[in-house]
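Keep the viewer open as you read.

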Amino acid sequence: MAEPRRPPGGGGAEGEGLGRSRGGFTTKLHLSADGRCRPLSLTVTPGQRADCTQFKPVLEKIRVPKPGPGRPRNKPDSVAADRAYSNGPCRDYLRRRGIRDTIPEKTDSQAARLRKGSRGGRPPAFDEERYKKRNTVERAINRLKQSRAVATRYDKRGYVSSARPQQQPSSSGT
């Protein structure tokens with residue numbers, strides 16, 4: 001198998017997907033997964049990059065092929081995310097696309113809304129039963145980390161993950 005082509009100029013910090021954060025030299029994997037822990041889309045960023053900045057790019061990369069002819073499906077039925085994505089732009093994006101969301105409200109946002117009283121509006125809807133299914137993403141990330149290439153950061157580099165063809169979900173009953 002041929003080695004993935006590096007971006008022109010060596011890639012730099014953006015091409016590497018490696019960066020400094022409080023934890024040291026780190027990489028973040030932003031992932032969406034289906035209900036069976038299969039990755040649907042993946043974005044690699046340096047460790048200091050905020051999670052919410054990658055919300056829209058990860059959702060826009062989703063492509064689920066149809067069993068017959070036609071374009072692949074690119075809109076999930078619903079999204080369950082953690083508190084890092086509990087902000088106005090993420091919720092507005094989901095509302096515009098007609099995607100149901102289950103994202104817990106941050107405590108500081110909740111306090112600010114309550115301080116405003118009746119002007120603060122109503123709290124966003126939250127379904128605890130649907131939120132419990134969010135662990136499928138955590139399990140998909142853990143499965144990826146079992147791979148030696150990801151654990152040693154070889155596949156965490158931005159130019160490697162973008163050069164690799166997307167895995168298509170299998171339709172077999174395995």
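## Charged pairs and the overall fold

Arg 134 is buried, with a relative accessible area of 19%; buried means under 20%, exposed over 50%, and partly exposed in between, using a 1.4 Å probe and protein chains only. This is a predicted model, in which local features need pLDDT of at least 70 and side-chain atom pairs count only at pLDDT 80 or more, while totals for chains, interfaces and linings use all residues. Residues are numbered from 1 along each chain as its sequence is written, and side-chain values use heavy atoms, leaving out hydrogens and water.

Arg 134 has a charged partner: Glu 138 forms a salt bridge with it, the closest N and O atoms being 3.0 Å apart. Here a salt bridge is a side-chain nitrogen of Lys or Arg within 4 Å of a carboxyl oxygen of Asp or Glu. Glu 138 counts as partly exposed, at 35% relative accessibility. The structure holds eight salt bridges, and the table lists some of them.

| Asp 77 | Arg 73 | 2.4 Å |

Asp 92 is partly exposed at 36%, whereas Arg 95 is exposed at 58%. Asp 92 and Arg 95 are about one helical turn apart, because they sit three residues apart in helix α3 (residues 88-97).

Now for the whole chain. The chain has eight helices and five strands; these are DSSP runs numbered from the N terminus, with helices (H or I) of at least four residues and strands (E) of at least two. Their order along the sequence is α-β-β-β-α-β-α-β-α-α-α-α-α. Of its 174 residues, 30% count as buried. The chain exposes about 11,700 Å², with carbon and sulfur atoms supplying 50% of that area, as computed by the Shrake-Rupley method with a 1.4 Å probe.

Gln 54 lies in the loop between β3 (39-46) and α2 (55-60), and Gln 54 counts as buried at 9% relative accessibility. Leaving aside residues up to four places away in sequence, Gln 54 touches His 30, Thr 43, Thr 45 and Arg 49, where contact means heavy atoms within 4.5 Å.
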